[in-house]
Amino acid sequence: MARRWILLPTLALGGLWWWAVLRLVLVPEHTGLVEGAVAAGGWGLSLLPVHAASRTAPAGAGSSGSGPSGGVSSPPRRRS
């Protein structure tokens, strides 16, 4: 049921974007600012790195913010 609430708006927005792009390509003399804004906005959203997601901390690790959590430490820095 929850998938439907995500899928339907996604399909509607995707259809709106394709409508704007096809209208810009097929009849550019009859298109306006709205079609250009929708097409450019959809193209801009495609540039977002949606594959980059933050990792969640393990269940036992606290997030005190004072240092590395989970027993993972960074390598020591070299001084020159």
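**Exercise 1. Find the polar partner of the Glu-35 side chain and classify the pair.**

Step 1: the side chain of Glu-35 makes a polar contact with the side chain of Arg-23 at 2.8 Å. A polar contact here is a pair of N or O atoms within 3.5 Å; within protein, one must be able to donate a hydrogen and the other to accept it, and residues adjacent in sequence count only if both atoms are side-chain atoms.

Before going on, a word on the source: this is a predicted model, in which local features need pLDDT of at least 70 and side-chain atom pairs count only at pLDDT 80 or more, while totals for chains, interfaces and linings use all residues. Residues are numbered from 1 along each chain as its sequence is written, and side-chain values use heavy atoms, with hydrogens and water left out.

Step 2: Glu-35 and Arg-23 also meet through their side chains in a salt bridge, 2.8 Å from N to O. The term asks for a side-chain nitrogen of Lys or Arg within 4 Å of a carboxyl oxygen of Asp or Glu. By this rule the count comes to 1 salt bridge.

Step 3: this pair links distant parts of the chain, with Glu-35 in helix α2 (residues 33-46) and Arg-23 in helix α1, 12 residues apart. Helices (H or I, at least four residues) and strands (E, at least two) are DSSP runs, numbered from the N terminus.

**Exercise 2. Decide whether Glu-35 and Arg-23 are buried or partly exposed.**

Step 1: take the classes, where buried means under 20% relative accessible area, exposed over 50%, and partly exposed in between (1.4 Å probe, protein chains only).

Step 2: Glu-35 counts as buried because its relative accessibility is 8%. Arg-23 is at 27%, so Arg-23 counts as partly exposed.

Step 3: now list the surroundings. Leaving aside neighbours within four places in sequence, Glu-35 is in contact (heavy atoms within 4.5 Å) with Trp-19, Ala-20, Arg-23 and Leu-24. Leu-24 has its place in helix α1 (residues 2-26) and, at 30% relative accessibility, counts as partly exposed.

**Exercise 3. Identify the aromatic pair and describe its geometry.**

Step 1: rings of Phe, Tyr and Trp (its six-membered ring) pair if their centres lie within 6.5 Å; planes under 30 degrees apart count as stacked, over 60 as edge-to-face and the rest as tilted.

Step 2: the structure holds 1 aromatic pair. Its members are Trp-17 and Trp-18, 4.9 Å centre to centre with 75° between the planes, hence edge-to-face.

Step 3: Trp-17 has 25% relative accessibility, so Trp-17 counts as partly exposed.
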